[in-house]
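Open the model in your viewer and show it as a cartoon.

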Amino acid sequence: MKVTLSALDTSESSFTPLVVIEFAQDVKEETKEWLKNRIIAPKKHGGAQLLFRPLLNKYEQETLENKNLYLVGASKIRMLLGAEAVGLVKECNDNTMRAFTYRTRQNFKGFDDNNDDFLTMAECQFIIKHELENLRAKDEKMIPGYPQAKLYPGKSLLRRLLTSGIVIQVFPLHDNEALKKLEDTWYTRFALKYQPIDSIRGYFGETIALYFGFLEYFTFALIPMAVIGLPYYLFVWEDYDKYVIFASFNLIWSTVILEVWKRGCANMTYRWGTLLMKRKFEEPRPGFHGVLGINSITGKEEPLYPSYKRQMRIYLVSLPFVCLCLYFSLYVMMIYFDLEVWALGLHENSGSEWTSVLLYVPSIIYAIVIEIMNRLYRYAAEFLTSWENHRLESAYQNHLILKVLVFNFLNCFASLFYIAFVLKDMKLLRQSLATLLITSQILNQIVESLLPYWLQRKHGVRVKRKVQALKVDIDATLYEQVILEKEMGTYLLAFETMSVISVVTNCALIGMSPQVNAIFPESKADLILIVVVVEQMMLVTENLKEEPKESGKEKAT
């Protein structure tokens, strides 16, 4: 028997909440009711056909704070039909990977009508998020109750609600039991073992799993570099000759680890089904806006926006802004070198212990400034990329990555290139590299780990006290969880680019060494030509190995 979306019931009062919507304080009831009706309405009427209810009932809302929190979920059948709609790829009983369809659901490995574990937590929340983000205006001219929040056909409702400040945030809800199991197998017990990447993927999704998979791989890949590089740091070697072997090893190492990672990454994404997800399932991103019309390729109704307007925004606004930021970064770098000269002069004049410590101060200050500039630029890059109005999420991410990568690379490494290739001061290079690296690592640990952990613990204590003081009969566990999680902060193309830069840099360092220069005492042109040829051969080798995997590159990165 064929099941259609129109046959589903959206009036279930009890369901497993997967996503939380938080409205702003004092949002009008007619606005909440309008959004609720659009979320639970049938798909044929422009709704999402999901389940929706407030976190608290009417009596509890009068007693407690945070009365603007609402829970969103879906029935099992709706979730399976949603998995088909978004093109999820799952493993079949014959071990092949195919796009899931509800009609052939019994052919997929692990499927059982009585089992709710066929779809992972991440997949379920992805489906809910996809449906919410693709709620678009039909005939509405404005958001009910807010005439200043204009709508037009094709505009993402959730996007307008967020930008208008009517909805504060939309976030996925943790499954505490599943999270506890993952913690026990992942990091609560100290042991030298591989991370449970598949379990991480099942709970957090492919992107987070690939991130931790890469961290694990890269940590092991750095061991040979650390073993070979340690003597270069412990012993003061000022001659270029001593660095030729290390630079040569870097040249080979950077190429090898990239290719090995590509194979491992492709293996994981194929096993998870993301490598085979067809591009035709990629719908317009929620922030994409334009005049509602018919897409000539897909035949679907969606917003249309002329590409020439997007190109004008990119080349007339975004590109000049990025260039201006790069100039400012170089200007700050020159101030850093002025500080280095000042600190060195002060130390040479006094020669005291205090001034020897002062030699590291410019690098520490510069490292802090770099981190601040990177974060400020990231906000600007996100705003510009969103303003460029890219149709697909993949295009949005690619343009954002390009902006951030170019600026971060110049901002973080320009001083090191200047020291290595202009000043040719290996002692200063070693000192600057160590100081910048250590300082940035400490700052990142504080900002991204220690500070969020401390704030979360502090907030958690306050929430527990409030919940314990309640006299009303509510699901205190769910209430406490939602209140805690709503305060949480939000959290590789790039890796390949860094690999190319590594090849070019190490080839140049080898070419500059006196040992190699002695082979070509008369003609520097021959030396430059050979260095360029070797560099191009390494880059061609990378490209040749990359071509067979081109079809999965977008999802893998």
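In which helix is the place of Trp454? Select Trp454: it lies in helix H14, which covers residues 426-468. Keep in mind that this is a predicted model.

Next, select residues 393-423. This is helix H13, with 31 residues. From first C-alpha to last, H13 reaches 43 Å, close to the 45 Å expected at 1.5 Å a residue. Stop at Phe413, where H13 bends by about 50°. Lys424 takes a positive phi of about 55°.

Turn to the cysteines. How many disulfides does the structure hold? It holds zero. Select Cys323 and Cys325. Cys323 is in no disulfide, and its nearest cysteine sulfur, that of Cys325, is 9.3 Å away. Cys323 is partly exposed, with a relative accessible area of 42%. Then select Cys124. Is Cys124 buried or exposed? Cys124 counts as buried because its relative accessibility is 12%, and the cut-off for buried is under 20%.

Finally, zoom out to the whole protein. There are 19 helices and 10 strands. Of the 557 residues, 43% are buried. Colour the surface by element: the protein exposes about 31600 Å², and carbon and sulfur atoms supply 63% of it.

Conventions
Residues are numbered from 1 along each chain as its sequence is written. This is a predicted model: local features need pLDDT of at least 70, side-chain atom pairs count only at pLDDT 80 or more; totals for chains, interfaces and linings use all residues. Side-chain values use heavy atoms; hydrogens and water are left out. Helices (H or I, at least four residues) and strands (E, at least two) are DSSP runs, numbered from the N terminus. Buried means under 20% relative accessible area, exposed over 50%, partly exposed in between (1.4 Å probe, protein chains only). Accessible areas come from the Shrake-Rupley method with a 1.4 Å probe; for residues, only the protein chains shown count as cover. The expected span of a helix is 1.5 Å times one less than its number of residues. The bend at a residue is the angle between axes fitted to the seven residues ending there and the seven starting there. A disulfide is a pair of cysteine sulfur atoms within 2.5 Å.
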